[in-house]
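Trainee: I'd like to learn how to read a structure like this one. Could you walk me through it?

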Amino acid sequence: MKAFGKILGLVVLGLLLIIVALGFALTHLFDPNDYKDEIRQLARDKAHVELTLNGDIGWSLFPWLGLELHEASIATLNNPKVPFADLQMLGLSVRVLPLLRREVQMSDVRVEGLNLTLARDEHGHGNWEDIGKPLPASTPAPTEGSAPATAPGEVPAKPAVDRPVKLDIDSLTVNNAKVQYSDAKSGQTFSAESIQLSTGAVHEGVNIPLKMTAFFSAGQPVLRARTELNGELRFDRRLKRYQFEDMKLSGEASGEPLQGKTMTFAAQGQLLVDLAANVAGWNGLKLSANQLR
């Protein structure tokens, strides 16, 4: 029995060494930068987005599936020349084996220089509404005598209900991000610049420490604000319930509504959004605005 256990241990060790050797060979002999065209086409076919890869792609295989993108952008298929989002760098690592159990376990996720451009046209249509949508395909007219999709009296099969993917991230860091919004119909514009976001471990159903700083501005009327946000975020995708506990917001604002003066402000409380019950609330609300100068 001891000899059998020793042999089994040697076999397992040999298999692990083979896997490590294969991973080393793949990551050193296979260069994903040689397959950018195939990756772009895969993004069109599967994600229905136009992906542009101007920078290098770095990757690792085992035990973490690591990915690092540089100078990448995403656009909708119906407007591929105008990026919806672009970034300077995205770095993340995913454990390989949990993916087989529909579990996404990531290490630290880092995003540098993210730019989001949100635009609503004269008809009230937002460019973000087309993300992930395929181009409209012409449906051929049914020919005479063609068989129907389902036979008379036949009950269509119900689509399989997928088990939700479990998501675990060690931390999320976003540096120097920017979000711009414009409405062509109203002429209103908003922007958030120099966004710095950091979180603790991201797990569903568990409080997630969050800190964010940003500079906000609006065009009509002209208003500028420097803000800092702290709190703990908690979410449950199955119940569609989102909470922001111990929220503390502070900063300074200036602009036309304040007649050129600067006002400091602070707010705190508990936020709750329950999409299933169509309920939103702010409990323990405290607001202060002073030192108008």
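Mentor: Let's start with contacts: two residues are in contact when they have heavy atoms within 4.5 Å. Leaving out residues up to four places away in sequence, Leu 90 touches Leu 67, Glu 68, Leu 69, Val 109, Arg 110 and Val 111. Before we go on, this is a predicted model, where local features need pLDDT of at least 70 and side-chain atom pairs count only at pLDDT 80 or more, while totals for chains, interfaces and linings use all residues. Residues are numbered from 1 along each chain as its sequence is written, and side-chain values use heavy atoms, with hydrogens and water left out.

Trainee: What does Leu 67 touch, beyond its neighbours within four places in sequence?

Mentor: Its contacts are Ile 57, Gly 58, Leu 90, Gly 91 and Leu 92. Leu 67 also lies 6.1 Å from Ser 93, C-alpha to C-alpha, although the two are 26 residues apart in sequence. As for where it sits, strands are DSSP runs of E with at least two residues, helices are runs of H or I with at least four, and both are numbered from the N terminus. Leu 67 belongs to strand β3 (residues 64-76).

Trainee: Is Leu 67 buried, exposed or partly exposed?

Mentor: Buried means under 20% relative accessible area, exposed means over 50%, and partly exposed is in between (1.4 Å probe, protein chains only). Leu 67 has 33% relative accessibility, so it counts as partly exposed.

Trainee: Which residues have the most contacts inside the largest nonpolar core?

Mentor: A nonpolar core is a set of buried Ala, Val, Leu, Ile, Met, Phe, Trp, Tyr and Cys residues joined through side-chain atoms within 4.5 Å. Here the largest one has 29 residues, and Leu 53, Leu 90, Met 106 and Val 109 have the most contacts inside it.

Trainee: And polar contacts? Which side chain does the side chain of Ser 171 pair with?

Mentor: A polar contact is a pair of N or O atoms within 3.5 Å; within protein, one must be able to donate a hydrogen and the other to accept it, and residues adjacent in sequence count only if both atoms are side-chain atoms. The side chain of Ser 171 makes one with the side chain of Asp 108, at 2.7 Å. Ser 171 is part of strand β7 (residues 166-183), and it is buried because its relative accessibility is 14%. Apart from residues up to four places away in sequence, it touches Ser 107, Asp 108, Val 109, Thr 199 and Gly 200.

Trainee: How many salt bridges are there?

Mentor: The rule asks for a side-chain nitrogen of Lys or Arg within 4 Å of a carboxyl oxygen of Asp or Glu. That gives six salt bridges. One of them joins Arg 40 and Asp 37 (2.6 Å, N to O).

Trainee: Why are Arg 40 and Asp 37 separated by about one helical turn?

Mentor: Because they are three residues apart in helix α2 (residues 36-47). Arg 40 is buried, at 19% relative accessible area, whereas Asp 37 is exposed, at 58%.

Trainee: Can you show me another pair?

Mentor: Arg 44 bridges to Glu 50, with the closest N and O atoms 2.8 Å apart. Arg 44 is partly exposed at 27%, while Glu 50 is buried at 15%. Then Glu 112 pairs with Arg 110, the closest N and O atoms being 3.2 Å apart. Glu 112 is buried at 19%, and Arg 110 is partly exposed at 39%.
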